[in-house]
Amino acid sequence: MSLSPQWLDELRTRVTLSALIGRTVRVQKAGREFKACCPFHNEKSPSFTINDDKGFYHCFGCGAHGDAIRWMTDHQGLPFMDAVKELAAIANMDVPAPDPRAAQRAEAARTLHDTMAAAQAYFRASLTGTGGAAARAYLATRGFPASVIDSFGFGFAPDSRTGLKAALASFGDAQLIECGLLIAVEGRDPYDRFRGRLMLPIHDPRGRVIAFGGRILSAEKTDAPKYLNSPDTPLFDKGRTLYNLHRAAPTARTKNRVIVVEGYMDAVALAAAGITEVVAPLGTALTEDQIERLWQVAPCPVLCFDGDAAGQRAARRAIVRALPLLRPGHSLSIVTLPDKMDPDDVIRKQGPAAMETLLGQGTSLIEALWQTERDAGPLETPEAKAGLKQRLIEQTDTIQHGDIRALYRRDLLDRFGALAYPARDRGAPFQRQAGNAIRRGTKDAKGRWLAPEQPLGAADTARLQLVGQFGKVLAPLLNAVLAGLIVNPREISRHAEALAHLEPGDAEMAHLLDTLLHLGESLDGGDSHAGGLESASLGPILTKRGVKVPNSADFGGLPYGAIAGGDADLIAEAVELLVEMPRVEAAMAQATQAAEHELSEQSFAEQQRLVQRRLALRARLGHMGRARAAL
């Protein structure tokens, strides 16, 4: 089988060499490298170094040297193809099927690299020539120092249809077309793709030129795109390539930070300001492949978007694409710049320190997701709020990792609950003056008499006890509900949001409740109604986790026995009681206390409404209790 150099390069890039060697050899960090005692010869002091940035190991004692593939063949003793297959499994890559034409393509790719290198030399020479005055003038307006211009390889494409074609005639039109340097039109001669543009080379991870980006210099060409990139070619896949990665990766690994900006000129501007661990996508939204490549460099890349509508759309697309890929220890940080500003604007107007401050104030991915969905539209109606909840659930459902999906959903639904069901402000039970105790008979600024400050009253104590724990009346009902959920686990997801607000005082009951809610999320088989759980599997899982499981046989006959037996309708009724009774009791205590200090028709009516609701709830609970006792 013949494997292309590009595929092998991708394989080496996706495998972290120090982690691979660290599976069998004890390695330790030493600056930007790793060191170990050489596994190829006996030694007491380490002389074996591993460089992840360059992708090779080297022993200064015995001279052993190689990359990930060489490690698998020389140290693990595997044949070449077996080594490649094992590394491909680690990197989650598919090994290409046998192709007799692969060798021919590999040779052609080598020639294409030569062609791109020649094109880069042509563009750089054109920048320093007489025709490059406009490009040099533009660079002067950006304030880029000469070292940055040279390091990034700026060049110039003359405003000619045949300038590059003539300069690289030895490579032939067909090859220049394949490299994306010429445009082929049926019935006409091929002509230069880049004309009258400031040119920037785009490199692969090994630093080889694989494409170009060009910025137009003439303001008169209003019908031409401002920025133009090479098309996809055998060397260049814009959905998998990150501009400046080969320069940014070493610093990014050292700082444990990689910054993603919207365009390559932003990356150059930040590098000129001393922030060098910066990359950029190439004319597309950040793709899944690019996110995975970023995670190979740093566990939490910082996505820096412009403060305009386009920047917000780019942020949303990045969030949506990242969610299914999330795994432990890997996420994204979102930085939104001030309105209508890009990184260059921030640096010019406020300085590099201000840019560093913004980069350090990134929003976590879950916070960015919440803000994006919450601010997607007005939330003035119940329907709009329900739409927000549905969007949050749909977004979290895309997360493949079970634990992360469960944690995201619980956090976001808690936020939604606080937004959609805020605690009602029924007025303070008595007025307080900041910093001073108010004595009986004093007045406020408007001349109103104020009640004296009092200690926490009996009503407050009762309310806190009801919110903080379940007493003897509600605990058996909750215990029956938990037993029923074990028997009928598909009901967990149905009542997860309501159950998440319960706070049992009993530690074992609280542990069981939290575990069931977690299992309802993490073992979700994709159907939120079915839950993906089988009752028979819950017992061993709960026991293994050290959770005390209630015995449904201990609950006797109906209705508690039916609840514990998994009756869906009775579970729903019981959950409603468990959630609403503490809320009504708390509201009743607050309304009663408020009425003691400011009795009005409105407060009296509210108090009476709550009294009637409490009586109705207690009657329903009493009916359950009497039916249970009778049976």
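**Helix pairs and cavities**

I began with a crossing: α16 passes α17 in a right-handed crossing. The model is a predicted one, so I note that before going on. I looked up the geometry of this pair next. Helix α16 covers residues 365–374 and helix α17 covers residues 382–397. Their axes lie 10 Å apart, and the packing angle is about 145°.

Which residues of α16 meet α17? I found Leu-369, Trp-370, Glu-373 and Arg-374 on the α16 side. Leu-388, Arg-391, Leu-392 and Gln-395 face them from α17. I sorted this contact by class and got four nonpolar, one polar and three charged residues.

Next I turned to α14 and α15. Helix α14 runs over residues 343–350, and helix α15 over residues 352–359. I read an angle of about 130° for their packing, with the axes 7 Å apart. Angles under 35 degrees count as roughly parallel, over 145 as roughly antiparallel and 65 to 115 as roughly perpendicular, with the rest oblique. α14 and α15 are therefore oblique to each other.

I listed the residues that meet here. α14 brings Pro-343, Val-346, Ile-347 and Gln-350. α15 brings Pro-352, Ala-354, Met-355 and Leu-358.

I then checked α14 against another helix, α11, which spans residues 264–272. The axes of α11 and α14 come within 8 Å and cross at roughly 30°. That angle makes α11 roughly parallel to α14. In α11, Asp-266, Ala-269 and Leu-270 make the contact. They meet Pro-343, Asp-344 and Ile-347 in α14. I counted this contact by class as four nonpolar, no polar and two charged residues.

I went back to Pro-343 and Ile-347. Both are in the list of α14 residues that meet α15, and both also meet α11.

Last, I searched for cavities. How many cavities of 30 Å³ or more does the whole structure have? The search finds three. The largest cavity holds about 40 Å³ of space. I wrote down its lining: Glu-10, Arg-14, Arg-240, Asp-289, Glu-292, Arg-293 and Gln-296. α12 gives the most, with three residues.

How values were computed
Residues numbered from 1 in each chain as written. Predicted model: local features only at pLDDT ≥ 70, side-chain atom pairs only at ≥ 80, totals over all residues. Heavy atoms only, no water. Axes fitted to C-alpha atoms, helices over the stretch in contact; angles between N-to-C directions. Helix = DSSP H or I, 4+ residues; strand = E, 2+ residues; numbered from the N terminus. Contact = heavy atoms within 4.5 Å. 1 Å grid on protein atoms, 1.4 Å probe; cavity = no way out; pocket = protein on both sides within 12 Å on 5 of 7 lines; lining within 4 Å. Points joined across faces, edges and corners; volume = space filled by probe spheres on them. Left-handed = near helix turned anticlockwise from the far one by under 90°. Nonpolar A, V, L, I, M, F, W, Y, C, P; charged D, E, K, R; others polar.
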